[in-house]
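Student: I am new to this structure and would like to learn how to read it with care. Could you take me through its features one at a time, giving the general idea before each case?

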Amino acid sequence: ITTGATETTFNPNGKLTGVVIPAVPTVPGYIGAWENYKIDINALVDNNIDIAAVYTEIEYTATFIADGKEVATVPFKVSNVTSDGKLIGVDIPAVPPKAWYEGAWADYTIDIGALVDNNINIEAVYAEIEYTATFIADGEVVHTVTFTVRDTSIAEPDVPAKTGYTGVWEDYQLIADDIEIEAVYTAIEYTATFMADGEVVETVTFTLDDTSIT
């Protein structure tokens, strides 16, 4: 950029005066200014002086937010933004854990030229995790059911029949994890009635766990 000047357009400090100084060309992500200079008329070569623009990176702030709460604010500059608008070379915080959910930072693209107030907000996005309930009877998998945070109950399979026993599923709760639910079998109690001459002498109870009775 060339500005015409004569000897009368220099002030005592060696600065240009009385001429139109051009604006520093804008560069996204930078603050520009003309470098400090001092003109010494006696030292000018070919009546010219070059004054270069000096650019300083602007500091921006990325605010990470989860469930409406600020997790961290991370300063960055244009040199921390990749060609596809992602942050690099800065400490990005971990997404706060949330029971029943898997979290990730929302996809974002930083356009330095479009930033407002030098800030960008990046929100956490949570997706429901699908867990598995495995129903087991006598060491064998009977059935599996998936569930999420929205489920307050699940469809239970029938407990496999077992001769001489009644079966139920053990008590359980739907927690934020895979669970195993065991069948609990209780031996059925039978009665042996001893009779003589058509009259009951005694009754004795037994189950299939008994190999003999008194």
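Tutor: Let us begin with pairing: two strands pair if DSSP finds at least two bridges between them. Please keep in mind throughout that this is a predicted model. As a case, strand E11 (residues 190-196) and strand E12 (residues 199-206) run antiparallel and are joined by 7 bridges, and within this pair Thr193 has Thr203 in E12 as its bridge partner.

Student: How many residues lie between the strands in the hairpin of E11 and E12, and which residue takes a positive phi?

Tutor: The hairpin has 2 residues between its strands, and Asp197 takes a positive phi near 55°. Another hairpin is formed by E7 and E8, again with 2 residues between them, and there Asp138 in the turn has a positive phi of about 50°. Strand E7 (residues 131-137) and strand E8 (residues 140-147) pair in the antiparallel sense over 7 bridges, and Thr132 has Thr146 in E8 as its bridge partner.

Student: What is the order of the strands in the open sheet that holds E7 and E8?

Tutor: The open sheet here has 4 strands in the order E8-E7-E10-E9, with mixed pairing. E8 and E9 stand at its edges and each has a single partner strand, so one side of each is left without a neighbour in the sheet. Neighbouring strands of this sheet are turned by 25° against each other on average, direction ignored. At the E9 end, 5 bridges join E9 to strand E10 (residues 179-187), the two running antiparallel, and Tyr165 stands opposite Ala187 in E10.

Student: Which residues have the most contacts inside the largest nonpolar core?

Tutor: The largest nonpolar core has 20 residues, and those with the most contacts inside it are Phe76, Leu87, Ile110, Ile112 and Ile122. Strand E3 (60-66), E4 and E6 each supply at least two residues of this core. If you follow Ile122 and leave aside its neighbours within four places in sequence, you will find it in contact with residues including Ala62, Phe64, Leu87, Trp105 and Tyr108. Apart from this core lies another, of 15 residues, among them Trp100, Tyr131, Ala133 and Ile154.

Student: How many salt bridges are counted, and where are they?

Tutor: The general idea is that side chains of opposite charge can pair when their charged atoms come close. The count here comes to 4 salt bridges. In one of them the side chains of Lys86 and Asp107 meet at 2.7 Å, N to O, linking the loop between E4 and E5 with the loop between E5 and E6, 21 residues apart. Another joins Glu128 to Arg150, with the closest N and O atoms 2.8 Å apart; because Glu128 lies in strand E6 and Arg150 in the loop between E8 and E9, the pair ties together parts that are 22 residues apart in sequence.

Student: Is Thr148 buried or exposed?

Tutor: The cut-off matters here, since buried means under 20% relative accessible area and exposed means over 50%. Thr148 has 9% relative accessibility and therefore counts as buried, whereas Arg150 is exposed at 62% and Glu128, at 32%, counts as partly exposed. Thr148 is placed in the loop between E8 and strand E9 (165-169), and a polar contact of 3.5 Å joins its side chain to that of Glu128. Leaving aside its neighbours within four places in sequence, Thr148 is in contact with Trp100, Glu128, Ile129 and Glu130.

Technical notes:
Residues numbered from 1 in each chain as written. Predicted model: local features only at pLDDT ≥ 70, side-chain atom pairs only at ≥ 80, totals over all residues. Heavy atoms only, no water. Buried < 20%, exposed > 50% of the residue type's maximum accessible area, 1.4 Å probe, protein only. Polar contact = N/O pair within 3.5 Å; in protein donor to acceptor, adjacent residues only side chain to side chain. Contact = heavy atoms within 4.5 Å. Core = buried A, V, L, I, M, F, W, Y, C linked by side-chain atoms within 4.5 Å. Axes fitted to C-alpha atoms, helices over the stretch in contact; angles between N-to-C directions.
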